[in-house]
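Thanks for coming. I will go through one structure, starting with the RNA strand and then turning to a pair of helices.

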Amino acid sequence: MFQNCREGGALFHISDAKNFVGEEVEIRGWLYNKRSKGKILFYIIRDGTGYIQAVAVKGEAPDKAFEMYDQLGLESSIIVKGIVREEPRAPGGYELTLTDIKPVHKSVDYPITKKEHGTAFLMEHRHLWLRSKKQRAILRIRSFVEKKIVDFFYENGFVRIDTPILTATAAEGTTNLFATEYFNLGKAYLAQTGQLYLEAAIFAHGLVYNFGPTFRAEKSKTRRHLMEFWMIEAEEAFYDNDDNIALQEKFISYLIQNVLENCGDDLKILERDTSLLEKVVPPFPKITYDEAIEILSRKNFKIRWGEDFGGDDETAISESFEKPVFVMNYPRDIKAFYMKEHSERPELVKCADLIAPEGYGEIIGGSQREEDYDKLLKNMKDFGLSEDDYGWYLDLRKYGSVPHSGFGMGLERFVAWVCGIPHVREAIPFPRMLYRIYP
RNA sequence: UCCGGCGUAGCUCAACCGGUAGAGCGGGUGGCUGUUAACCACUAGGUUGGGGGUUCGAGUCCCUCCGCCGGAGCCA
């Protein structure tokens, strides 16, 4: 914030008002709202840490405060001085008796008004929408979650491996990738996963993770999809599928409990019902794909064994549980080539997707990886992948191969769930969507 | 790409069976000494997304294009 560049005077944040009662302070911020009642007027100011109301009474406050009133549109940047006062009628409990107000820049006709707006309009003004209370709360929670993700892995002995964003080939084959020119080497693609690179790194570090943007050029048009999203992926040497699931349980619970402990004010702004989040502690329910199909059949869903779940299916499964639920051991045909075959039923793979409660859908996809050279090579051929493109990946099964597992979590889906917001587009500052890349 | 829905004032939305386009907010003007999305009065603001058609008459019905929203597929 600004306090580092202030000359003299009290260092002041609105959020610290309680420590400055009776003192004159200076706020550098923006005009959030204003009201006039003739000989008394109110300026509501925000400074990035909170909101406070400055009161000016005719004859007591400088005349300037009244002259300024009509000139200052909402979101004008201003420097306000005033004396902090306890005030039970004020929302935060504190108020300012205004002693000076100076415009830094006068804002005229701010597009986002105090009444409701539609999402199309708000997305068109995303650069301004970020200033509003709920959007601030969401992105503050996102920022905190990002910190706790890094903390969790650091505390648990993981090494962060930043995997490349520009890659030469598709990692999972089927999905569409964004392409760009790469000098004399032809096309390069924006990474849709860093997993294969993480698998290489476990042989150096044992436990590794990455955290960064991921790109999918799929024409997905739903509340759970973005073209550019942030993913956290972990990869663990000598972990089987059960170890992997236990780690995910611990990870998700850690994040949720930390948010509940530290983000109470923001969750309140979002009117999030936290009672369901409080239940997110290990162990989570675990069902197999077969059992999930049974649950859906009982609910009269038209899904047959062998098909993947759609959004409605995931919601229906999650409604049977209060906590996030792991769905394990999917048919191999609907999963990626690198997943390890189930030892008793070769038509299945050892994997688990974590489905969040309240209809937020899949937030984690994970699996044990195929560590056997010959089986992996056969899978790649079955999936139509070129052996040449993946030579380095096959090498990992030649020089000290070990059982290993990993998972990937979509940050925006997680944040949307925690915040209780219906669409992932609000869980990222500037969403890239199928028909929107502005602003 | 496919399936639905929507497009009316700056914004959010009304307008019955096809019959003179309206409200709230925002803007402007005036009023008000405790407002909390302040309130009260007055006021300006429209090629009803574009084009074509049916009709005495279209915001409303038909065709077409454009834009947006939701869903499917795919996935986190």
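RNA strand B is surrounded by 51 residues, and the closest are Asn33, Glu95, Lys114, Arg216 and Arg413. Near means having a heavy atom within 4 Å of the strand. A word on the source: this is a predicted model, where local features need pLDDT of at least 70, side-chain atom pairs count only at pLDDT 80 or more, and totals for chains, interfaces and linings use all residues. Residues are numbered from 1 along each chain as its sequence is written, chains are lettered from A and ligands numbered from 1 in the order written, and side-chain values use heavy atoms, with hydrogens and water left out.

The residues near RNA strand B divide into 22 charged, 16 polar and 13 nonpolar. Here Asp, Glu, Lys and Arg count as charged, Ala, Val, Leu, Ile, Met, Phe, Trp, Tyr, Cys and Pro as nonpolar, and the others, Gly among them, as polar.

Which element gives the most to this surface? That is β15, with four residues; strands are DSSP runs of E, at least two residues, and helices are runs of H or I, at least four, numbered from the N terminus.

Now the helices. Helix α4 (residues 133–155) packs against helix α6 (residues 241–262) at about 135°, with the axes 10 Å apart. Axes are lines fitted to C-alpha atoms, for helices over the stretch in contact, and angles run from 0 to 180 degrees between N-to-C directions. The residues of this contact (heavy atoms within 4.5 Å) include Phe144 and Phe152 of α4 and Tyr254 of α6. They divide into 11 nonpolar, two polar and four charged.
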